[in-house]
Protein chains: 2
Amino acid sequence: MKKTAVLLYPGFSEYELSVAMSVLMQGHKPVVTAGSSHAPIRGEAGMVCVPDSAVEELDLEAVDSLLLPGCMDIGTVIREEGLLKAIREAAERRYIVAAISSSPALLAMAGVLKGKRYTVGLSEAAMDQLGCFEREHYSSETVVRDGNMITARGRAFVRFGWALGRALELPFEPHWYTEQVAATFH
Amino acid sequence: MKKTAVLLYPGFSEYELSVAMSVLMQGHKPVVTAGSSHAPIRGEAGMVCVPDSAVEELDLEAVDSLLLPGCMDIGTVIREEGLLKAIREAAERRYIVAAISSSPALLAMAGVLKGKRYTVGLSEAAMDQLGCFEREHYSSETVVRDGNMITARGRAFVRFGWALGRALELPFEPHWYTEQVAATFH
């Protein structure tokens with residue numbers, strides 16, 4: 001089975017990533033984590049993670065999807081050409097690309113959100129400052145799928161994980177992550 | 001401010017830990033991750049983490065609380081004397097000890113759940129096989145606090161994080177982790 005590549009950058013949000021990664025694990029989907037380099041990366045809550053690969057060395061032939069966590073200060077990574085190039089190539093190959101919280105800014109900066117409905121966990125001021133978003137396609141929904149692109153707000157991290165699992169057609173048990181007995185799985 | 005020590009073991013559950021760690025971050029609580037050794041540890045969903053400390057070297061004077069994630073196969077770590085010793089010492093010092101999913105088994109094995117109400121994410125058969133639980137104090141609630149001990153089922157990982165933040169009297173925004181507009185914060 002092809003892998004999901006998980007992009008890591010300093011200050012990435014562990015919790016925003018964690019349910020999506022657990023859904024992949026449930027679905028026996030292999031993952032490869034990719035950082036700017038092979039150096040350990042500290043998440044925003046203090047977990048120090050060793051990427052399996054540097055993003056420049058990622059074998060995109062072995063991958064069919066990307067997963068991007070949010071990041072306290074997305075401005076620090078938004079011009080990293082290695083990340084943007086991987087995102088562009090993945091979108092050209094029609095891979096599933098799932099980005100949560102502030103990370104849809106990386107998709108917008110890479111140019112792959114053009115004409116797509118999306119959401120993002122940034123203020124209007126922050127979006128204006130970045131200047132890469134098409135405001136007319138912004139949605140106030142908390143999880144949005146448009147074609148191969150999945151975007152979500154941070155607080156929707158559980159449904160974001162479910163949406164990725166469904167897009168990849170993986171078997172998984174959504175109720176691992178919710179106490180709502182009658183939780184709607186959508 | 002004293003730290004929360006986060007115990008890590010092979011196959012630890014990233015998502016069960018992630019909201020609790022994010023709450024600590026929101027509350028500006030310093031954390032120190034501690035493994036059996038300084039070697040990187042792979043979580044159950046594939047995140048490879050470098051512990052800040054080996055558990056044997058943990059300075060418990062600098063700590064006021066422990067956080068324990070669940071683990072796919074808790075049987076593999078339940079006899080690790082270094083972990084059990086740290087748990088025993090933390091309980092003797094009346095530190096807050098928060099354990100989710102299968103990890104209350106480590107508390108029971110360390111002898112610190114004696115006479116305490118608790119919950120755990122294990123089947124009755126698994127509890128019987130481990131033989132360390134006082135069945136009469138088991139609760140079917142998903143988050144239980146009895147004195148300094150907080151235990152929770154895996155699917156209650158959001159409320160588990162909230163409970164830890166409240167026990168440590170940290171300021172934090174619970175709605176980062178929920179889409180329920182009228183979510184009861186309890």
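Start at A:Leu68 in this predicted model: its bridge partner is A:Ala99, which sits in S7(A). As a bit of background, strands of a sheet pair through backbone hydrogen bonds, either parallel or antiparallel.

Now zoom out to the whole sheet of chain A. Seven strands line up in the order S5-S2-S1-S6-S7-S9-S8, forming an open sheet with mixed pairing. At its edges you'll find strand S5 (53-54) and strand S8 (143-146) of chain A, each pairing on one side only.

Next, look at what lies on the sheet. H1(A) lies across strand S1 (3-7), strand S2 (31-35), S6 and S7 of chain A, and it runs at about 155° to S6(A). Helix H2 (residues 81-92) of chain A packs on the sheet too, touching S1, S6, S7 and strand S9 (149-152) of chain A. The direction of H2 makes about 135° with that of S6(A).

H1(A) has another partner, over in chain B. Helix H1 (residues 14-26) of chain A packs with helix H1 (residues 14-26) of chain B at an angle of about 165°, their axes 8 Å apart. Because of that angle, H1(A) is roughly antiparallel to H1(B). The crossing of the two helices is left-handed.

So who meets whom here? On the H1(A) side there are A:Glu14, A:Tyr15, A:Ser18, A:Val19 and A:Ser22, and they meet B:Glu14, B:Tyr15, B:Ser18, B:Val19 and B:Ser22 in H1(B). Sorted by type, the residues of this contact are four nonpolar, four polar and two charged.

Definitions and conventions
Residues are numbered from 1 along each chain as its sequence is written. Chains are lettered from A and ligands numbered from 1 in the order in which they are written. This is a predicted model: local features need pLDDT of at least 70, side-chain atom pairs count only at pLDDT 80 or more; totals for chains, interfaces and linings use all residues. Side-chain values use heavy atoms; hydrogens and water are left out. Axes are lines fitted to C-alpha atoms, for helices over the stretch in contact, and angles run from 0 to 180 degrees between N-to-C directions. Helices (H or I, at least four residues) and strands (E, at least two) are DSSP runs, numbered from the N terminus. Angles under 35 degrees count as roughly parallel, over 145 as roughly antiparallel, 65 to 115 as roughly perpendicular and the rest as oblique. A crossing is left-handed if the near helix is turned anticlockwise from the far one by less than a right angle, and right-handed if clockwise. Contact means heavy atoms within 4.5 Å. Ala, Val, Leu, Ile, Met, Phe, Trp, Tyr, Cys and Pro count as nonpolar, Asp, Glu, Lys and Arg as charged, and the others, Gly among them, as polar. Two strands pair if DSSP finds at least two bridges between them.
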